[in-house]
Amino acid sequence: MNLALTAATGPVADLLCSGRDWSDQREVDDALHALDGTPNLSRLGANTVIAVSMATARAFAAAAGLTVAQWIARQSGQVPRMPVPHFNVINGGAHAANGLAFQEFMIAPVGAPDTVSALQCGAEIHHRLKVLLQQAGHDTGLGDEGGFAPRLTCPEEVLDLLVEAIEAAGYTAERDQVAIALDPAANSFHRDGSYHLTSDKRVNASGLIDLYEELLDRYPIRSIEDGCAEDDLDGWQEMTRRLGERIQIVGDDLLVTDPGRIRAAARENLATSALIKPNQIGTVSRTLDALAAARDVGFTTMVSHRSGETLDTFVADLAVGGATGQIKAGAPARGERLAKYNRLSELSADYPQWAYGLPVDPSSSR
């Protein structure tokens, strides 16, 4: 396939418009890495490279007469699957100035019959949560990813609100119905070897895992992402050993969508699931490599947006075509978040034969 960029200049445009006949995605992506010449794409810029790589994927899909989701499924050898959306409805940590250590509190309509019902469920619970926050006198301004950022300081307060909102919206707060997922993003409150949960409460890794265990006993939590700091490998091992049979242990900062790190984490029993962010690894080809590595080691996967998002919907097609069964794209609010959910709705309508839901056996994630 020949590529052409109208009125574009610079090294990337020169490479792509050189008249070369590009045979596949990997050839383009490898050429971009070679042109950059650095291990972390610092010369061209990772944002530039991933944008060009995604545009190339769209071009190859269009040339084959496929949607991006279908093309990704063909590249990865998967049957497309509509993912369970994990809506980030309460923000804390680095995403909100509210004193809450944990960064994300998500709801996941695991038991919904289809994508449209799941999106409706998320929107209704989000709306009900806003009403409850207003009634309690909390600010209902939105955090970076569209969730609310009330001035709460402990996770139990948030989780009680989520359960109340789920039930007030007419749903059931259970792990196999509307479940809860956490992204504490523990890097942000790990300092001097301790985890700072509040201004006057510090715990070590075992103490933090004790807290997670208590929360699992009380609330319908199905997944914890970045529950320990990325350099606290002993903490990750303990968390996986103690909690890995009960819930999904997701690595984001720990794994950074890197196939080598995913394989190493499986060998060392550090996690049971990998978060997948294309911009972390730089190209579509290497993102598909990360998905393949996760499948090889028995990890589940969850495709993710970023905080600084745009209206681009590539990650929605990636989640579907990669058959991950899970996606996080923020709250059902803000245009850059809704764009992903609208794309899932479109794909669900166009391809009703694609099943909705988690991977076939999410409990056996290793």
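Author: Let us begin with a term: a residue is called buried when its relative accessible area is under 20%, and exposed when that area is over 50%. The model discussed here is predicted.

Reader: Which residues of helix 3 are called buried?

Author: Val-49, Ile-50, Val-52, Ser-53, Met-54, Thr-56, Ala-57, Phe-60 and Ala-61 are the buried residues in helix 3. Each therefore falls under the 20% limit.

Reader: What covers the buried residues of helix 3?

Author: The cover includes helix 1 (11–16), helix 2 (25–36) and helix 4 (68–76). It also includes helix 10 (278–281), helix 11 (284–297) and helix 12 (314–321).

Reader: How do you know that the span of helix 3 agrees with its number of residues?

Author: Helix 3 has 18 residues, 46–63, and at 1.5 Å a residue these should span 26 Å. The C-alpha atoms at its ends are 26 Å apart, so the two values agree. After helix 3 comes Gly-65, which has a positive phi near 70 degrees.

Reader: Why is Arg-261 called partly exposed?

Author: The relative accessible area of Arg-261 is 37%. Arg-261 lies in helix 9.

Reader: Which residues is Arg-261 in contact with, leaving aside its neighbours within four places in sequence?

Author: They are Asp-253, Leu-254, Leu-255 and Val-256. Contact requires heavy atoms within 4.5 Å, so each of these residues meets that limit with Arg-261.

Reader: What makes strand 8 and strand 9 a pair?

Author: Pairing calls for at least two bridges; strand 8 (residues 248–251) and strand 9 have 2 bridges, in the parallel sense, and therefore qualify. Gly-251 has Ala-274 of strand 9 as its bridge partner. From strand 8 the chain passes through helix 9 (residues 259–267) to strand 9, in a right-handed β-α-β crossover.

Reader: How many bridges join strand 9 to strand 10?

Author: There are 4 bridges between strand 9 and strand 10 (residues 300–304), and the two run parallel. Opposite Ile-276 stands Val-303 in strand 10.

Reader: How do you know that both faces of strand 9 are covered?

Author: In strand 9 (residues 273–276), Ser-273 and Leu-275 are buried on one side, and Ala-274 and Ile-276 are buried on the other. In a regular strand the side chains alternate between the two faces of the sheet.

Reader: What joins strand 5 to strand 6?

Author: A hairpin with 2 residues joins them. Strand 5 and strand 6 (residues 201–203) are antiparallel and share 3 bridges, and Thr-198 has Lys-201 as its bridge partner in strand 6. Strand 4 (residues 190–191) also runs antiparallel to strand 5 (residues 194–198), over 2 bridges. In the hairpin of strand 4 and strand 5, Asp-192 has a positive phi near 55 degrees.

Reader: Why is the protein called as compact as a globular protein of its length?

Author: The protein contains 13 helices and 11 strands. Its radius of gyration is 20 Å, close to the 21 Å given by the globule rule for 366 residues, so the description holds. Of those 366 residues, 57% count as buried.

Terms used. Residues are numbered from 1 along each chain as its sequence is written. This is a predicted model: local features need pLDDT of at least 70, side-chain atom pairs count only at pLDDT 80 or more; totals for chains, interfaces and linings use all residues. Side-chain values use heavy atoms; hydrogens and water are left out. The expected span of a helix is 1.5 Å times one less than its number of residues. Buried means under 20% relative accessible area, exposed over 50%, partly exposed in between (1.4 Å probe, protein chains only). A crossover is right-handed if, with the strands pointing away from the viewer, the path from the first strand over the helix to the second runs clockwise. The radius of gyration is taken over C-alpha atoms; the globule rule is 2.2 Å times the number of residues to the power 0.38.
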